[in-house]
Amino acid sequence: MHNQSSFKKNILFALIIILFFLIGLWISNKPNGEKLYSKSKFYLGSIVEVQFYCDDEKSADHLMKVVFDEFERIDKKYSFYSSESYLAEVNSDTSSLIEVDDETFLIIKLCDSVYNITNGKFDASIGSLTKLWKKYIEGEDFSLLRVSYGKDEPENPKLIPDEEEINYSKNNSGWINLRIAGENKIERFKKFSLNFDAIIQGYAADRAIKILRSNGIEKALVNASGEIRVIGNNWRIGIKHPRNLNQLIEKVKLSDYSIATSGDYEKFIEVDGRRYHHIIDPETGFPSTKNMSVTVIAKDCALADALATGFFSLEPEEIIRITNSLDDVYVFIVDSRNQIHKSRNFDKFLWRK
């Protein structure tokens with residue numbers, strides 16, 4: 001069953017990539033005298049696509065390089081799985097009071113805000129848990145099991161973490177053990193690993209848009225693994241169906257907004273008929289089962305990205321209640337029963353011919 005689920009996951013990933021490239025092609029009429037420039041590269045664990053209109057090819061090539069240099073910088077700085085990243089340096093600091101740079105402090109403050117908004121369901125301190133589940137969800141070749149089993153392919157390998165592993169990782173997590181202790185300082189009451197993977201793609205999209213805007217670009221789309229931010233009017237973007245990935249469940253039209261989706265269909269395995277995916281509920285230590293996908297629209301992509309992750313582990317009714325209390329934030333939910341829920345005024349973004 002495990003091999004079949006792995007094959008299924010690879011096929012779904014291929015479909016996701018195909019759909020990913022289709023997203024940006026639904027564009028309104030291009031501005032007079034300007035050409036659409038588009039480029040894709042692999043950063044932050046997935047495909048990043050940048051599109052913008054420009055009237056000069058040389059300027060466009062230079063600007064594209066500047067934008068992708070920024071993606072590379074962020075990728076190297078905040079990689080959770082690289083021992084050479086700045087984030088690894090922060091995580092390895094044994095001090096209770098840690099000083100971080102301005103950019104990292106900004107990200108931590110946003111993580112703290114979304115932690116509170118989502119009642120603790122967005123938790124950037126669960127690096128130990130996400131690393132544990134990644135080993136099972138994405139570790140296809142038993143290489144991580146050889147040390148403990150002492151042979152190449154155990155007869156009955158564990159397909160999901162056991163209770164002891166989960167409890168150990170939970171005990172080495174918890175945003176409640178972190179306090180913002182002044183400008184560029186955080187206090188950590190327990191050793192845990194920060195992991196910005198649930199916010200960093202949206203943050204990188206924000207940074208890319210800032211660069212494009214500061215260079216006079218008036219119409220652009222940045223897509224960092226489905227976390228999208230746009231400049232200009234009438235960008236038409238599809239929301240994938242969480243079970244029929246070659247279909248769209250809804251289409252939206254964005255103008256100077258961001259959109260981010262968290263779903264249980266991107267990275268997962270199926271064991272004994274149950275789906276185990278990469279979005280972990282910090283409270284249980286297991287992948288959340290409350291929803292299939294959560295899409296958030298907001299001005300800033302980092303906020304939309306983090307909220308989509310945190311909301312995913314909440315009941316739909318609670319997500320709607322929280323979203324309706326926020327300014328200029330909107331949500332579209334497909335719950336675990338395949339029922340659709342929308343926050344107040346989400347319909348204003350729907351694309352209707």
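Modeller: H8 and H9 cross in a right-handed way (the near helix is turned clockwise from the far one by less than a right angle). The model is predicted, so local features need pLDDT of at least 70 and side-chain atom pairs 80 or more, while totals for chains, interfaces and linings use all residues. Residues are numbered from 1 along each chain as its sequence is written, and side-chain values use heavy atoms, without hydrogens or water.

Helix H8 covers residues 200-214, and helix H9 covers residues 301-311 (helices are DSSP runs of H or I, at least four residues, numbered from the N terminus). Their axes come within 7 Å and cross at roughly 165 degrees (lines fitted to C-alpha atoms over the stretch in contact; angles run from 0 to 180 degrees between N-to-C directions). H8 and H9 are therefore roughly antiparallel (over 145 degrees; under 35 is roughly parallel, 65 to 115 roughly perpendicular, the rest oblique).

Which residues meet? From H8 come Ile 200, Gln 201, Gly 202, Tyr 203, Ala 205 and Asp 206. From H9 come Cys 301, Ala 302 and Asp 305 (contact means heavy atoms within 4.5 Å). This contact has five nonpolar, two polar and two charged residues (Ala, Val, Leu, Ile, Met, Phe, Trp, Tyr, Cys and Pro are nonpolar; Asp, Glu, Lys and Arg charged; the others, Gly among them, polar).

H9 also packs against H4. Helix H4 spans 102-117. The axes of H4 and H9 lie 10 Å apart, at an angle of about 40 degrees. That makes H4 oblique to H9. H4 passes H9 in a right-handed crossing. Leu 110, Val 114 and Ile 117 of H4 touch Ala 302, Leu 303, Ala 306 and Leu 307 of H9. By class, that contact has seven nonpolar residues, with no polar and no charged ones.

H4, H8 and H9 each supply at least two residues of its lining. H8 gives the most, with four. The lining includes Tyr 203, Asp 206, Arg 207 and Lys 210. Leu 106, Ile 107 and Leu 110 line the pocket too, as do Ala 302 and Leu 303. Ile 199, Arg 229 and Asp 300 complete the list. The lining counts seven nonpolar, no polar and five charged residues.

Tyr 203 and Asp 206 of H8 meet H9, and both line the pocket. Leu 110 of H4 contacts H9 and lines the pocket as well. Ala 302 is in the H8 contact, in the H4 contact and in the pocket lining.

Key
1 Å grid on protein atoms, 1.4 Å probe; cavity = no way out; pocket = protein on both sides within 12 Å on 5 of 7 lines; lining within 4 Å.
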